[in-house]
Amino acid sequence: MGVLRYAPVLGTTCRIRAFGKCAALTFVSQPGFRDRLAKVKIVAVGEVMIDHYLNLNRSFVGGISLNMAVNAKRCGADAVSLVSCVGPDEGGRRVFEKLAQEGIDASHVAVLPGETACIDIQVLPQGERLFPPGSFHRNVLLDLRLSESDLAFIGQHEVLVFLYDRSQPESPANRALETLDFDGKRVADFGDWADYAGDYDLLVSALEPLALSFLSGNQATIDFLLPFSRGLDGLIVVTLGAAGSVALVNGAPLFQPAQVVPNPVDSTGCGDAFQAAFTVAYFTTGDVEQALRQGTARAATVLRHYGATQ
């Protein structure tokens, strides 16, 4: 995979060096955002788990949905709730303790028979990570179902954030959310662009009903989705790791370089933190550039310590 390097120049364009080629792209701002929210009341639906750091002999409460919820609350969301499940074990106890500390509504985090989900992580130099084969143990997450009570609770929020889990496209939770009559804004994390190789039509069809979509990718991601973003009601944001991020705004790319962090410690949860800060800023202000800056700053903060929400 190549690396995008952004070098701002004078005027309203930015020269982009990607895979050894240069191109000039114009920076644009999104037209007036019509649906700015007076209050940002978010519900995150999906996974919580315990992150085991193998080379540190330490563990932290984590999981994409929990990381999103915690960071959204810290970034100023008026209210944040989490819908997920844990086991009746030490991991589950730690999850509830963390959510209480952060002021997050955990009334719809179910306790199911079995063990709380967990993942093994090896932290490498410069904050990079390695996930050994078989390191992700879904455990009780495999039994996550959304009850009528859960769905009614979700409907009380203005923003629904969920995972589009490519590894489990037919999961009961995914199906329930797809058919849910929800009047608010839908936000989805689509994971990694590479997971959709050869099945991009599935990705495109899933993007259409969303207010905000996040996808980790590269220049090929931008090239493919840029034409599709023309006339799209929602916004697509492609995160590029150390290269920064780009919002695709009605057929035009808006780039934001990553913030340089001396001696990065741990990149676990950086993407989740970016998405949370971007989501809160975007629905509060309607300003894409400000949302990109806020997301970038939040990700840089997380990169400075071990654990996604410490």
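This is a predicted model: local features need pLDDT of at least 70, side-chain atom pairs count only at pLDDT 80 or more; totals for chains, interfaces and linings use all residues.

User: Okay, how many bridges join S16 to S17, and are the two parallel or antiparallel?
Analyst: Strand S16, residues 245-249, is joined to S17 by 5 bridges, and the two run antiparallel.

User: What sheet does S17 belong to?
Analyst: S17 is part of an open sheet of 9 strands with mixed pairing. The strand order is S8-S7-S4-S12-S13-S14-S15-S16-S17.

User: And which strands stand at the edges?
Analyst: Those are S8 (105-111) and S17 (252-256). Each has a single partner strand, so one side of each is left without a neighbour in the sheet. On average, neighbouring strands of this sheet are turned by 15° against each other, direction ignored.

User: What is in the loop between S16 and S17?
Analyst: Asn250 is found in that loop. Its phi is positive, about 50°, although Asn250 is not a glycine.

User: Where else is there a residue other than glycine with a positive phi?
Analyst: Asn263 is one, with phi near 55°. Asn263 is in the loop between S17 and helix H7 (270-285).

User: Is Asn263 buried or exposed?
Analyst: Asn263 is exposed, with a relative accessible area of 66%.

User: Let's switch to helices. Which strands does H2 lie across?
Analyst: Helix H2, residues 90-102, lies across S7 (79-86) and S8, and runs at about 170° to S8. H2 has 13 residues and spans 19 Å from its first C-alpha to its last, close to the 18 Å expected at 1.5 Å a residue.

User: Which residues of H2 are buried?
Analyst: They are Gly91, Gly92, Val95, Lys98, Leu99 and Glu102. Seen down the axis of H2, these buried residues fall within an arc of 125°, so they line one face of the helix. On the other side of H2, Ala100 and Gln101 are exposed.

User: Why would residues a few places apart point the same way?
Analyst: An α-helix has 3.6 residues a turn, so residues three or four places apart point the same way.

User: New topic: where is Lys41, and what does it touch?
Analyst: Lys41 is in strand S4, residues 41-45. Not counting residues up to four places away in sequence, Lys41 touches Ala79, Gln156, His157, Glu158 and Val159. Lys41 is partly exposed, at a relative accessible area of 29%. Lys41 and Ala72 are 31 residues apart in sequence, and their C-alpha atoms are 9.8 Å apart in space.

User: How many aromatic pairs are there?
Analyst: The count comes to 11 aromatic pairs. One of them is Trp193 with Phe224, a tilted pair at 5.6 Å centre to centre, with 55° between the planes.

User: Where do Trp193 and Phe224 lie?
Analyst: Trp193 lies in the loop between strand S13 (185-192) and helix H5 (200-207), and Phe224 lies in helix H6 (residues 219-228), so the pair ties together parts that are 31 residues apart in sequence. Trp193 is buried at 7% relative accessible area, whereas Phe224 counts as partly exposed at 33%.

User: And how is the pair of Phe214 and Phe274 arranged?
Analyst: Phe214 and Phe274 are edge-to-face, 6.4 Å centre to centre with 85° between the planes. Phe214 lies in strand S14 (residues 212-216) and Phe274 in helix H7, so this pair ties together parts that are 60 residues apart in sequence. Both Phe214 and Phe274 are buried. They also belong to one aromatic cluster with Phe278, Tyr282 and Phe283.

User: Last one: what does Thr296 touch?
Analyst: Leaving out residues up to four places away in sequence, Thr296 touches Ser245, Gln256, Pro257, Ala258, Gln259 and Phe274. Thr296 lies in helix H8 (residues 288-302) and is buried, with a relative accessible area of 9%.

Note on methods: Residues are numbered from 1 along each chain as its sequence is written. Side-chain values use heavy atoms; hydrogens and water are left out. Two strands pair if DSSP finds at least two bridges between them. Helices (H or I, at least four residues) and strands (E, at least two) are DSSP runs, numbered from the N terminus. Axes are lines fitted to C-alpha atoms, for helices over the stretch in contact, and angles run from 0 to 180 degrees between N-to-C directions. Contact means heavy atoms within 4.5 Å. The expected span of a helix is 1.5 Å times one less than its number of residues. Buried means under 20% relative accessible area, exposed over 50%, partly exposed in between (1.4 Å probe, protein chains only). The arc is that of the directions from the helix axis to the C-beta atoms. Rings of Phe, Tyr and Trp (its six-membered ring) pair if their centres lie within 6.5 Å; planes under 30 degrees apart count as stacked, over 60 as edge-to-face and the rest as tilted.
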